[in-house]
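Good morning, and thank you for coming. I would ask you to keep the sequence and the model in view while I speak.

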Amino acid sequence: MLNFDYSIPTKIFFGKGKIDVLSDQVKKYGDRVLIVYGGGSIKKMGLYDSIINIFNDNDITYFELGGVEPNPRITKVREGIKLCIENNIELVLGVGGGSSMDTAKAIAVGRYYDGDPWDLLVDRSKVGKVMPIACIPTMAATGSEMNAVSVISNIETNEKFAVSSVDMFPKFSIMDPTYTFSLPKNQTASGIADIFSHIFENYFSSTREAFIQDRMAEALMKVCLKYGRVAMDQPDNYEARANIMWASSLAINGLLRFGKEAVWGVHTLEHELSAKYDITHGVGLAIITPYWMEYGLNDSTLYKFVELGKNVFGLESDDEYEIARGAIKETRKFFDSLELPSTLSEVGINDKQFEKMADDAVARKDIVGLMSLNANDICNIFKMAL
Ligand code: NZQ
Ligand code: ZN
């Protein structure tokens with residue numbers, strides 16, 4: 001196991017009715033809040049009214065930034081920073097899916113930066129002071145409520161980058177699984193694919209002795225397998241929604257990654273797809289993952305596929321390659337069971353930008369680890385996925 005410093009500073013309030021803690025928690029940081037949300041789902045489910053009533057009853061002054069779009073834009077972040085400066089905001093509250101939470105985080109990190117916030121996405125070393133952030137997730141997917149990352153798109157440049165800093169962990173997050181009851185089937189499915197992929201990104205690692213992390217990862221995969229379809233068919237099944245919601249946080253809050261090398265190759269590919277074609281993040285991951293597995297299977301990676309096949313899918317055979325191929329098949333079967341697409345053509349992507357996306361993917365970071373990829377490999381995976 002590699003050395004690591006354990007720190008997950010976000011305070012979590014989990015369960016039905018936990019919104020009760022909101023005013024006390026906010027007041028630890030001030031009484032002027034910017035609420036950041038999306039296209040209206042929080043109004044339909046009544047969460048918006050609950051928050052406003054709590055703020056009105058407790059003398060908390062609030063301002064709003066609604067209309068955050070999926071694959072959130074830097075333009076919205078700029079608007080939010082302006083609101084924070086003009087109104088002396090003390091805490092940014094992201095309410096909704098990853099897009100709203102990530103916008104809140106990017107606003108908080110851009111607030112004290114003396115320049116355009118996109119600079120921070122391009123070069124995270126420029127990050128300085130960060131405003132306090134809090135989150136109320138309504139979708140189980142990104143785990144943004146318990147990690148220090150924000151992913152933002154720039155439509156003008158067709159880029160989608162991530163910024164992170166230890167100060168970007170939310171101070172607190174309120175996680176009430178009932179807020180996810182209204183999530184449509186397709187968003188539930190893409191959220192689960194995202195969680196599954198986060199677990200994979202940590203699991204497919206060249207660090208062999210992280211037994212604890214690997215067995216925890218397998219447990220979280222089993223949560224997705226057990227409850228994924230249930231949450232789609234029974235949207236108000238609390239047990240399913242609660243287990244998936246907690247899995248979404250644990251998959252990407254560092255717990256599975258501490259002590260391990262992890263290169264996040266599939267996410268690098270998917271961020272190119274959603275940057276250039278504005279597709280849903282989880283859908284892109286579900287398409288790419290099984291092809292990436294097929295492409296990456298060889299004698300030196302075999303052991304990891306065998307662990308997955310045996311420990312998660314219960315496969316047995318004297319032929320290790322048979323188990324490995326079975327694990328890839330089971331992974332695709334799982335995404336199929338969630339009614340997710342399996343080819344790029346299905347989401348309207350052709351081969352026109354494959355080379356550009358592959359070059360852009362490796363320009364920002366080296367994908368080196370258990371499943372190392374160069375630009376040529378990435379192009380090949382895109383072609384397989386066509
Ligand atoms: O905009 P509203 O009206 O809220 O509707 C949203 C949106 O249309 C809807 N929704 C969310 N909760 C709902 C609901 N509809 C009904 N009932 C509810 N309870 O779902 C749609 C998608 O929302 P979005 O926030 O875009 O989804 P998600 O949580 O999947 O976030 C995706 C974004 O996060 C990034 C992705 O790249 C993408 O930009 N990621 C962020 C990460 C992070 N911060 O750590 C890591 C991830 O790997 C990922 O890259
Ligand atoms: Zn993801």
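I begin with a contact made by a lysine side chain. A polar atom in the side chain of lysine 76 lies 3.0 Å from the backbone oxygen of glycine 66. Lysine 76 belongs to helix H4, which spans residues 74–86. With a relative accessibility of 17%, lysine 76 counts as buried. Please bear in mind that we are looking at a predicted model.

What does the side chain of lysine 276 contact? The side chain of lysine 276 is joined to that of aspartate 360 by a polar contact of 2.8 Å.

Let me turn to the metal site. Which residues donate to the zinc ion, ligand 2? The protein donors are Asp194 through OD, and His198, His267 and His281, each through NE2. These donors lie 1.9 to 2.2 Å from the zinc ion. Along the chain, they follow the spacing D-x3-H-x68-H-x13-H. Histidine 198 sits in helix H7, residues 185–203, and histidine 281 in helix H11, residues 281–296, so this pair ties together parts that are 83 residues apart in sequence. Histidine 198 and histidine 281 are both buried.

Histidine 198 also leads us to the other ligand. An N or O atom in the side chain of histidine 198 is 2.9 Å from an oxygen atom of ligand 1. The protein covers 89% of the 970 Å² of accessible area that ligand 1 has on its own. Two further contacts may be listed. A polar backbone atom of glycine 98 is 2.6 Å from an oxygen atom of ligand 1, and an N or O atom in the side chain of aspartate 102 is 2.8 Å from a nitrogen atom of ligand 1.

How many residues are around ligand 1? There are 32, of which Gly39, Ser41, Gly98, Ser99 and Lys160 come nearest. By class, the shell around ligand 1 has eleven nonpolar, 18 polar and three charged residues. Helix H5 (98–110), strand S6 (149–154), H7 and helix H10 (265–277) each supply at least two residues of that shell.

I now move to strand S5, residues 133–137. Why can we describe S5 as largely enclosed by the rest of the structure? Five of the five residues of S5 are buried, and therefore the strand is largely enclosed. Ile133, Cys135 and Pro137 point one way from S5, while Ala134 and Ile136 point the other way.

Strand S4, residues 91–96, pairs with S5 in the parallel sense over five bridges, and glycine 96 stands opposite proline 137 in S5. Strand S8, residues 172–175, pairs with S5 in the parallel sense over two bridges. The bridge partner of alanine 134 in S8 is phenylalanine 172.

Alanine 247 has its place in helix H9, residues 238–250. Is alanine 247 buried or exposed? Alanine 247 is buried, having a relative accessible area of 1%. The C-alpha atom of alanine 247 is separated by 9.4 Å from that of alanine 219, and the two residues are 28 residues apart along the chain.

Thank you for your attention.

Terms used: Residues are numbered from 1 along each chain as its sequence is written. Chains are lettered from A and ligands numbered from 1 in the order in which they are written. This is a predicted model: local features need pLDDT of at least 70, side-chain atom pairs count only at pLDDT 80 or more; totals for chains, interfaces and linings use all residues. Side-chain values use heavy atoms; hydrogens and water are left out. Donors are N, O and S atoms within 2.8 Å of the metal (3.2 Å for Na, K and Ca); water is not among the atoms, so sites may look incomplete. Helices (H or I, at least four residues) and strands (E, at least two) are DSSP runs, numbered from the N terminus. Buried means under 20% relative accessible area, exposed over 50%, partly exposed in between (1.4 Å probe, protein chains only). A residue is near a molecule or strand if one of its heavy atoms lies within 4 Å of it. A polar contact is a pair of N or O atoms within 3.5 Å; within protein, one must be able to donate a hydrogen and the other to accept it, and residues adjacent in sequence count only if both atoms are side-chain atoms. Accessible areas come from the Shrake-Rupley method with a 1.4 Å probe; for residues, only the protein chains shown count as cover. Ala, Val, Leu, Ile, Met, Phe, Trp, Tyr, Cys and Pro count as nonpolar, Asp, Glu, Lys and Arg as charged, and the others, Gly among them, as polar. Two strands pair if DSSP finds at least two bridges between them.
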